[in-house]
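Please look at the sequence and the model below before reading on. The report then walks through some of its packing.

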Amino acid sequence: MADSRKAKFLRYLLLFLFSIFFIVPFGYAIYTSLLSKADIGHLVPPTRFTFENYVDIFTTSDILIWYKNSIIVTFGILIGNLIVNTTAAYSLARLNYRGRGVVFFLVIGMMMVPYQVMIIPIFSMIVDLKWLNSYQGLIIPFLFQGFLVFLMRQFFLTVPRELEEAAEVDGLNKIGIFFRIMLPLSKGAIGTQIIFSFTGTWNSFVWPVTLVNDSRWYVMTVGLNTLKNRYFEWPNLTMTGVVLLTVPIIIVFLLFQRHMVQGIATTGLKG
């Protein structure tokens, strides 16, 4: 009993120490974003905290436009991922058709290709379609995510076949089984998919900066990069942008963390 308590204490201590590495930088960003310009670069405690930096960043930059673009792009990709990845995963897990194994092999193969390799082909297609500086150029190429298809497929494989057989006896077809049986059971896996898709898209920088060269179409990550160059001597304004970029991710994680834990715990490795 004493050994198990000691092991449990060490685990929690290790988790606490790891959490510090993530909490301290964000805490520093919040602290710096509340400093006045007079307190920048001083080691002494600040004379006062202020929200002037937040007012300045909204009035002197196009951050509202960047926020709007990020929201549209992120939710466009998120909704597309939920539809495409979930239906693809269901077909790979529960439907029998010729070539299913080949399709699944291609999905796994896509997970092994570094995204840097795909930048030039995707950019060439975007140029040919005349989708530069557009929402469709930022959204459509990323509606499919191989890892999320694999994640959902592994969950669907854990659902007992008896449920499908009982539903078929009651007269449900495959579409009815998907909507009335599979989706209600997959809330945990869908919550996990939402967190991965949202954070990956919201934090994306390489793709947007490659596909967009007009400031009117910048997303938050690209816009904040220009903000960093503009206000390099005022880190308080830069950190204000960092806080505004991070807050939506924290909100989404807090809303879906329970589903994420449940999804990971119930997603098996059944082949």
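What follows describes aromatic pairs, a helix and the nonpolar core.

The model is predicted, so local features need pLDDT of at least 70 and side-chain atom pairs count only at pLDDT 80 or more, whereas totals for chains, interfaces and linings use all residues. Residues are numbered from 1 along each chain as its sequence is written, and side-chain values use heavy atoms, with hydrogens and water left out.

Rings of Phe, Tyr and Trp (its six-membered ring) pair if their centres lie within 6.5 Å, and planes under 30 degrees apart count as stacked, over 60 as edge-to-face and the rest as tilted.

| Pair | Centre to centre | Angle of planes | Type |
|---|---|---|---|
| F51 and Y54 | 6.1 Å | 45° | tilted |
| F142 and W207 | 5.1 Å | 50° | tilted |

Buried means under 20% relative accessible area, exposed over 50% and partly exposed in between, with a 1.4 Å probe and protein chains only. F51 is exposed at 60%, whereas Y54 is buried at 16%; F142 is buried at 11%, and W207 is buried at 14%.

Helices are DSSP runs (H or I, at least four residues), numbered from the N terminus. The buried residues of helix α5 are I119, I122 and I126, and they pack against α6 (135-139) and α11 (206-211).

A nonpolar core is a set of buried Ala, Val, Leu, Ile, Met, Phe, Trp, Tyr and Cys residues joined through side-chain atoms within 4.5 Å. The largest has 53 residues, and its largest share, ten residues, comes from helix α3 (residues 63-94).

Methods. Helices (H or I, at least four residues) and strands (E, at least two) are DSSP runs, numbered from the N terminus. Contact means heavy atoms within 4.5 Å.
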